[in-house]
Amino acid sequence: MDELTDSLLDALANYWNDGIVGYSFKTNNLPWIISHMKEKGLWAEVVSSDEYLIAKKLGYASDRIIFNGPVKGKNEFLEAVNEGAIVNIDSKRELDWLIETHTTNHNIGLRVNFDLEKYCPGETQCGTEDGRFGFSYETGEFEQALDFLREHNIELKGLHLHCSSKTRSKNIYDAIASIAVEIVRKYKLSLEYIDI
């Protein structure tokens, strides 16, 4: 595990020096593993209020937490946004919660849902059905969420594109990257991050 982690971090430092690696608490949230990953410099990638609270208990500063997922509690969501965590919005409910934050320096991203099956036939988990989470690019939900942020003078800092696949092939990541580029160009976005 150490060798693999070190190799990944070295590659990022050499080829993409502003890349961030977040350790997925959902994958394995044993405290000793999380603490080890924290010591290696990996950020916390959490998908629920429980995981967010574990990260805080284990000493992660909010600005080293990436808060994804549709199971955010309102209190933890507001705390994360107010304390500078990267928070990727998954739903209209979370957009509404943003209005209650006490900061104008949001680190907000929108989770994009798109028809991955069109680009990678037979490789996706959802097939021709829509993905479950995020804002659909094809149906205009993403554009509506973007308009909401603009109407409330909230700057979009990033895009989150997480798609389930059967294969995890390079094709999947090529498709995700292509859609990210298409969205950035179409909406003339100036982003700080793309979370894949």
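**Exercise 1. Is Lys92 buried, partly exposed or exposed, and what is its relative accessible area?**

Before we start, a word on the model: it is predicted, so local features need pLDDT of at least 70 and side-chain atom pairs count only at pLDDT 80 or more, while totals for chains, interfaces and linings use all residues. Residues are numbered from 1 along each chain as its sequence is written, and side-chain values use heavy atoms, with hydrogens and water left out.

*Solution.* 
- Step 1: recall the classes, computed with a 1.4 Å probe on protein chains only: buried is under 20% relative accessible area, exposed is over 50%, and partly exposed lies in between.
- Step 2: Lys92 has a relative accessible area of 47%, which makes Lys92 partly exposed.

**Exercise 2. Describe the salt bridge between Lys56 and Glu83.**

*Solution.* 
- Step 1: the closest N and O atoms of Lys56 and Glu83 are 3.0 Å apart.
- Step 2: this pair links distant parts of the chain, 27 residues apart: Lys56 belongs to helix 3 (residues 49-57), and Glu83 to the loop between helix 4 (74-82) and strand 4 (86-89).
- Step 3: Lys56 is partly exposed at 27% relative accessibility, and Glu83 is partly exposed at 42%.

**Exercise 3. Work out where Arg111 and Asp90 lie and whether they are buried or exposed.**

*Solution.* 
- Step 1: Arg111 forms a salt bridge with Asp90, with 3.2 Å between the closest N and O atoms.
- Step 2: Arg111 is in strand 5 (residues 108-113) and Asp90 is in the loop between strand 4 and helix 5 (92-98), so their pairing ties together parts 21 residues apart in sequence.
- Step 3: both Arg111 and Asp90 are buried.

**Exercise 4. How many salt bridges does the rule give?**

*Solution.* The count comes to eight salt bridges.

Note on methods
Salt bridge = Lys/Arg side-chain N within 4 Å of Asp/Glu carboxyl O. Helix = DSSP H or I, 4+ residues; strand = E, 2+ residues; numbered from the N terminus.
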